[in-house]
Amino acid sequence: MDLGKHPSRRILTFLAGLFFLSLGVMFSTKAVLGTSPIQSIPFVLNLGTGYSIGLTTMFVNTFFLVIGVAIMGRLYRLKYLTQIITLLIFSGLCDLFAYLFSGIVIDNYLMQWLSIFLSSITLSFGIALELAANVSVMPAEYLVSFVAYRTKLEFGKVKVMFDIMNILIAGSLSLFFFGYLQGVREGTIFAALTTGFIVRFYTRILKKHGFYEFIGNDDPDAAKGRL
């Protein structure tokens, strides 16, 4: 993979992105109003089985990785396997933050919404940094790219359908485990509606102030296509 003129800056930006992504996940799990669509299945499995959020994230995304390999078949490339490293780091950070903030319980509804807001702006910043670095992504995003490539549909449309599928599966699992919706609530809908806008806001700011050039990303549109 070509990391341009400043590979260390690109990699550090990528790692910072994963840091803020996992921190955003922690804020949303503490709010208990639901997390982002992409993280909804791991969160419900975490609540329903007692396994750590990092472990359930690893399990679900490994499934996405396998599906991605099946979809691409002989077109699958070794460079896509960088998502394994991404997944390991992200899952580990999720468990680290879960441990560090394990003593915090938020039971006030207003404070829960504040935590959801913090989650959205933190998670979105992590995504914006990940896009700027253009080093690797999580298996779920690769899967969306693979489906878009194979079906010739726009990435954005496939992403919306994928988010809806995640929410429906997470909701079904919640009903199975608890008999009511838990882990998929109003916070999930809020994240689905706002994350894209916030990411675009951060990206405009980063480009405007020359961050892409600073880290050596000479192709600011490269992150739009992962294949």
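This is a predicted model: local features need pLDDT of at least 70, side-chain atom pairs count only at pLDDT 80 or more; totals for chains, interfaces and linings use all residues.
Helix α2 covers residues 37–49, and helix α7 covers residues 155–178. Their axes come within 7 Å of each other and cross at roughly 15°. An angle under 35 degrees counts as roughly parallel, so α2 is roughly parallel to α7. The crossing of these two helices is left-handed. On the α2 side, the contact is made by P37, I38, S40, I41, V44, L45, L47, G48 and T49. On the α7 side, it is made by F162, D163, N166, I167, I169, A170, L173, S174, F177 and F178. By class, 13 residues of this contact are nonpolar, five are polar and one is charged.

Helix α3 spans residues 53–72, and helix α4 spans residues 82–100. The two axes come within 8 Å and cross at roughly 160°. An angle over 145 degrees counts as roughly antiparallel, so α3 is roughly antiparallel to α4. This crossing of α3 and α4 is right-handed. Helix α3 brings I53, G54, L55, T57, M58, N61, T62 and L65 to the contact. Helix α4 brings Q83, I84, L87, L88, F90, S91, C94, D95 and A98. The residues of the contact of α3 with α4 divide into 10 nonpolar, six polar and one charged.

Helix α5 runs over residues 109–133, and helix α8 runs over residues 186–208. Their axes are 8 Å apart, and the helices pack at an angle of about 40°. That angle makes α5 oblique to α8. The crossing of α5 and α8 is right-handed. From α5, the residues that take part are Y109, W113, I116, S120, I121, L123, S124, F125, I127, A128, L129 and L131. They meet E186, G187, F190, A191, T194, T195, I198, V199, Y202, T203 and L206 in α8. The contact of α5 with α8 has 16 nonpolar residues, six polar residues and one charged residue.

Aromatic rings were examined next. A pair of aromatic rings is described by two values, the distance of the centres and the angle of the planes. A search of the whole structure finds 18 aromatic pairs. One of them joins F19 and F20. The centres of these two rings are 5.4 Å apart, and the planes are at 85°. The F19–F20 pair is edge-to-face. F19 is partly exposed, with a relative accessible area of 35%. F20 is also partly exposed, at 26%. A further edge-to-face pair is formed by F176 and F177. Here the distance is 5.3 Å centre to centre, with 70° between the planes. F176 is exposed, with a relative accessible area of 65%. F177 is partly exposed, with a value of 29%. F177 is also among the α7 residues in the contact with α2.

Some aromatic residues form a group. F19, F20, F97, F101, F125, F201 and Y202 make up one aromatic cluster. Two of these residues return from the contact of α5 with α8: F125 lies on the α5 side and Y202 on the α8 side.

Most residues other than glycine have a negative phi. V32 has a positive phi, near 50°. This residue sits in the loop between α1 (7–31) and α2. V32 is partly exposed, with a relative accessible area of 37%. N134 likewise has a positive phi near 50°. N134 is in the loop between α5 and α6 (139–151). A relative accessible area under 20% counts as buried, so N134 is buried, at 16%.

R185 is placed in the loop between α7 and α8. R185 is partly exposed, with a relative accessible area of 32%. Neighbours within four places in sequence aside, R185 is in contact with V32, L33, G34 and Y109. R185 and S119 are 66 residues apart in sequence. In space, their C-alpha atoms are 14 Å apart.

Terms used. Residues are numbered from 1 along each chain as its sequence is written. Side-chain values use heavy atoms; hydrogens and water are left out. Axes are lines fitted to C-alpha atoms, for helices over the stretch in contact, and angles run from 0 to 180 degrees between N-to-C directions. Helices (H or I, at least four residues) and strands (E, at least two) are DSSP runs, numbered from the N terminus. Angles under 35 degrees count as roughly parallel, over 145 as roughly antiparallel, 65 to 115 as roughly perpendicular and the rest as oblique. A crossing is left-handed if the near helix is turned anticlockwise from the far one by less than a right angle, and right-handed if clockwise. Contact means heavy atoms within 4.5 Å. Ala, Val, Leu, Ile, Met, Phe, Trp, Tyr, Cys and Pro count as nonpolar, Asp, Glu, Lys and Arg as charged, and the others, Gly among them, as polar. Rings of Phe, Tyr and Trp (its six-membered ring) pair if their centres lie within 6.5 Å; planes under 30 degrees apart count as stacked, over 60 as edge-to-face and the rest as tilted. Buried means under 20% relative accessible area, exposed over 50%, partly exposed in between (1.4 Å probe, protein chains only).
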